[in-house]
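Me: I have a model open and would like to talk through it piece by piece. Could you keep the answers careful and tied to particular places in the chain?

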Amino acid sequence: MSSPAPALSVSSPPLSDPAAHPRRWWLLAVLALAQLMVVLDGTIVNIALPKAQLALGMSDGDRTWVVTIYALAFGSLLLLGGRIADYWGRKRSFLVGMAGFALASMVGGLADTTTQLLISRGLQGAFAALLAPASLAILTITFPGGTDRIKAFAVYGAIGGGGAAVGLVLGGVLTEFTSWNWCLLVNVPIALVAILAAIPLMQESRAHGNTRYDLPGVILIVTGLASLVYGFSQAENGWGRVETIGFLALGVVLLVAFVIVEARATNPLLPLRVVTDRVRGGAFLVSLLTGASLLGGLFFLTLYFQIVLGYSPLRSGLASLPMTATIMVCATALSGILPKVGVRLPLTIGPVIAAAGLAWLSFVTVQDDYVLRVLPGVILLGIGLAAIFVPLQNVALAGIDAHDAGVASAAVSATQQIGGSIGTALFTALYTAAISSYLASNPATPTVQLDAFVSGYSVAFLWAAGLILLAAPISFFMIKHSKADLVGAPEIVHLG
């Protein structure tokens, strides 16, 4: 076995030197475009789902899986995608991931059966698992430190938080004026622009030394996460059912086995040093809880707009726009004050504000009172998400060795996506139980079905609020990242 060598190709100039990247801000624009495409695809189909369900004859269960299967494939394959990016080359992985994502989107946009749509969504997630860690690894080594890093990660973090809401708006526009199919087909021209821009801007980099793949780790993490998510999805039919308990238990066993294998592997898929650092581990937990609350909560918010309030797809998307605007404004302000206040304060306060926003949304009713019942909630949620996402990825990737840049980047995205798939499945089970309980305990009236839906949405929003609130004490007690670490010398610093 050869000893590890420097992670960067000797044929390219040192990436820690900002002068080596005179067009690094243009490169940031390309990476931001890729991040936007990957993130918004987690929600862009949400707006189109009611029309897609009618066009393809989908069941309610299949409707949920259109969202879940993307997040599941994305999250479960991200660690492998990160290692492929490290070993195969980050630029090459970016280009292949982008091209594959576009092709999968085309297949989904042209689908005329539910099966074809679900397969395409799974393929989108798989190629996103290659694209996302390559993008974030390139960003990490292009902006290794200093104030430029703070600005770059603020942009990237704002897109991570706001991209989901942008997906709702864009999905509404496309569904309203074209068809639901274009919510997938729109990725093709976006990917083409990104590929053409990336080829001259990106420099290749890769890890050297021990570059063997950890196949047992891959099998255990993919099957473990899939079992866990499937178990939560079965809970809507009952928590005590054999399928629910069995798959949840199997998922836990496989994930425990994954940790044991990684601790003993000579070249693990996920080196435990990446996650056992207290600060970085805390950031991953915050990312997991935020992903569950954000993606799960937004899924039910779009259903409330269209099914209960009867909004058109466009109006439904525009109703989410204040959250996007709030994230962008707050992200700009935070990038300026972050060097002064550090990351611990916003990462502690952000979950509390976001939880307040989700709790406010739990008071929605059958009547359309957007200004009172919805607007304050989405604004609070936007403020909270900006406070979380702007510093989160910076903290999670600070101090990482260049050899592990891809897999560490993958772990950040994986926690958010897996959280989203678990959150969507969990909240769907709770939503279904709340509807059944409401219908069983209330007499039949002309509005009883809509009232039952609202009861289910309220339960989902409250659970989402509770989950994201847990991120506040985690940030306070685990994330003690100094201000000097953010603005110090332009090299990656060690987290103590």
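This is a predicted model: local features need pLDDT of at least 70, side-chain atom pairs count only at pLDDT 80 or more; totals for chains, interfaces and linings use all residues.

Me: Is Trp 25 buried, partly exposed or exposed?
Reply: Trp 25 has a relative accessible area of 37%, and because buried means under 20% and exposed means over 50%, Trp 25 counts as partly exposed.

Me: And what does Trp 25 touch, if I ignore residues up to four places away in sequence?
Reply: With those set aside, Trp 25 touches Phe 143, Asp 148, Lys 151 and Ala 152.

Me: How far apart are Trp 25 and Phe 143, in sequence and in space?
Reply: Trp 25 and Phe 143 are separated by 118 residues in sequence, while their C-alpha atoms are 9.9 Å apart in space.

Me: Stepping back to the whole protein, how many helices and strands are there?
Reply: The protein has 20 helices and zero strands, and of its 496 residues 59% are buried.

Me: What about contacts between residues at least 6 apart in sequence, how many of those join residues at least 24 apart?
Reply: Of the contacts in that group, 85% join residues that are at least 24 apart in sequence.

Me: And what is the accessible surface?
Reply: The accessible surface of the protein comes to about 17,900 Å², and 71% of that area belongs to carbon and sulfur atoms.

Me: Now the helix packing: how do α3 and α5 cross?
Reply: The axes of α3, residues 60-88, and α5, residues 114-142, come within 6 Å and cross at roughly 30 degrees, which means that α3 is roughly parallel to α5. The crossing of α3 past α5 is right-handed, and the residues in their contact are, by class, 20 nonpolar, six polar and two charged.

Me: Then what about α9 and α10, parallel or antiparallel?
Reply: Helix α9 (residues 215-234) and helix α10 (residues 242-264) have axes that come within 7 Å and cross at roughly 155 degrees, and the two are therefore roughly antiparallel to each other. Here α9 passes α10 in a left-handed crossing, and the contact of α9 with α10 is made up of 16 nonpolar, eight polar and two charged residues.

Me: While we are there, where does Gln 234 sit, and is Gln 234 buried or exposed?
Reply: Gln 234 belongs to helix α9, and with a relative accessibility of 13% Gln 234 counts as buried. Apart from neighbours within four places in sequence, Gln 234 is in contact with Arg 241, Glu 243 and Thr 244.

Me: One more pair, at what angle do α2 and α12 pack?
Reply: Helix α2, residues 44-56, packs against helix α12, residues 278-308, at an angle of about 45 degrees, with the axes 9 Å apart. That angle makes α2 oblique to α12, and α2 passes α12 in a right-handed crossing.

Me: Which residues make that contact?
Reply: From α2 the contact uses Asn 46, Ile 47, Leu 49 and Pro 50, and from α12 it uses Leu 298, Phe 299, Thr 302 and Gln 306. Sorted by class, the contact of α2 with α12 has five nonpolar and three polar residues, and no charged ones.

Definitions and conventions
Residues are numbered from 1 along each chain as its sequence is written. Side-chain values use heavy atoms; hydrogens and water are left out. Axes are lines fitted to C-alpha atoms, for helices over the stretch in contact, and angles run from 0 to 180 degrees between N-to-C directions. Helices (H or I, at least four residues) and strands (E, at least two) are DSSP runs, numbered from the N terminus. Angles under 35 degrees count as roughly parallel, over 145 as roughly antiparallel, 65 to 115 as roughly perpendicular and the rest as oblique. A crossing is left-handed if the near helix is turned anticlockwise from the far one by less than a right angle, and right-handed if clockwise. Ala, Val, Leu, Ile, Met, Phe, Trp, Tyr, Cys and Pro count as nonpolar, Asp, Glu, Lys and Arg as charged, and the others, Gly among them, as polar. Buried means under 20% relative accessible area, exposed over 50%, partly exposed in between (1.4 Å probe, protein chains only). Contact means heavy atoms within 4.5 Å. Accessible areas come from the Shrake-Rupley method with a 1.4 Å probe; for residues, only the protein chains shown count as cover.
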